[in-house]
Amino acid sequence: MSSSLGDKFLDLIYEKGYGSAAFHLTNIIHGGTSVVLAVSYAPVECCRALQDAGGRVLLLNNGWIHLVDGPEALLHAAEKMKPLEEACE
């Protein structure tokens with residue numbers, strides 16, 4: 001994810017109440033490298049809100065969110081995702 005798109009994405013996650021977030025590269029399936037998102041607060045709700053907003057993301061067993069979509073699609077989903085207060089209602 002490019003720096004400016006990535007920063008906007010992380011800012012939206014924070015502004016919508018899911019805590020601070022960071023990107024990590026990790027080896028997941030068959031040794032392939034993938035980008036995951038670590039969210040400091042409410043990763044399950046954050047993943048669900050991104051999915052509900054049209055983002056293709058998966059919650060991994062360690063609580064990290066696997067980012068399947070590219071940066072533009074993920075930024076669009078983050079813009080549309082519900083804030084944490086609404087997602088928990």
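## Fold, charges and cysteines in a predicted chain

The secondary structure of the chain comprises four helices and four strands, taken as DSSP runs numbered from the N terminus (helices H or I of at least four residues, strands E of at least two). Along the sequence the order of elements is α-β-β-α-β-β-α-α. This is a predicted model, in which local features need pLDDT of at least 70 and side-chain atom pairs count only at pLDDT 80 or more, while totals for chains, interfaces and linings use all residues. Residues are numbered from 1 along each chain as its sequence is written, and side-chain values use heavy atoms, with hydrogens and water left out.

The predictor's confidence in each residue is given as pLDDT, on a scale from 0 to 100. Its mean over the chain is 87, and 89% of the residues reach 70 or more. Confidence is lowest in strand β1 (residues 21–27), with a mean of 82, and highest in α2, with 94. Where pLDDT is low, the predicted coordinates should not be read in detail.

Of the 89 residues of the chain, 38% count as buried; buried means under 20% relative accessible area, exposed over 50%, and partly exposed in between (1.4 Å probe, protein chains only). Contacts are heavy atoms within 4.5 Å. Among contacts with a separation of 6 or more, residues 24 or more positions apart account for 47%.

The residues below have a stated accessibility.

| Residue | Relative accessible area | Class |
|---|---|---|
| C46 | 0% | buried |
| C47 | 4% | buried |
| D69 | 14% | buried |
| G54 | 53% | exposed |

Side chains of opposite charge can pair when their charged atoms come close. A salt bridge requires a side-chain nitrogen of Lys or Arg within 4 Å of a carboxyl oxygen of Asp or Glu, and the count here is one salt bridge. It joins R56 to D69, with the closest N and O atoms 2.7 Å apart. R56 sits in the loop between α2 (43–52) and β3 (57–59) and D69 in the loop between β4 (65–67) and α3 (71–80), so the pair ties together parts that are 13 residues apart in sequence. The two side chains also make a polar contact at 2.7 Å (a pair of N or O atoms within 3.5 Å; within protein, one must be able to donate a hydrogen and the other to accept it, and residues adjacent in sequence count only if both atoms are side-chain atoms). Leaving out residues up to four places away in sequence, D69 touches G54, G55, R56 and L74.

G54 belongs to the loop between α2 and β3. Beyond its neighbours within four places in sequence, G54 is in contact with D69 and A77. The C-alpha atoms of G54 and L74 are separated by 8.5 Å, although the two residues are 20 residues apart along the chain.

K16 lies in the loop between α1 (3–15) and β1. K16 is buried yet has no salt bridge, and E15, the nearest side chain of opposite charge, is 7.4 Å away; Lys and Arg count as positive and Asp and Glu as negative, with His and the chain ends not counted. The K16 side chain instead reaches the backbone oxygen of A78 at 3.2 Å. Apart from residues up to four places away in sequence, K16 touches A78, E79, K80, M81, P83 and L84.

The structure holds zero disulfides, a disulfide being a pair of cysteine sulfur atoms within 2.5 Å. For C46, the closest cysteine sulfur is that of C47, at 7.4 Å, which is too far for a bond.
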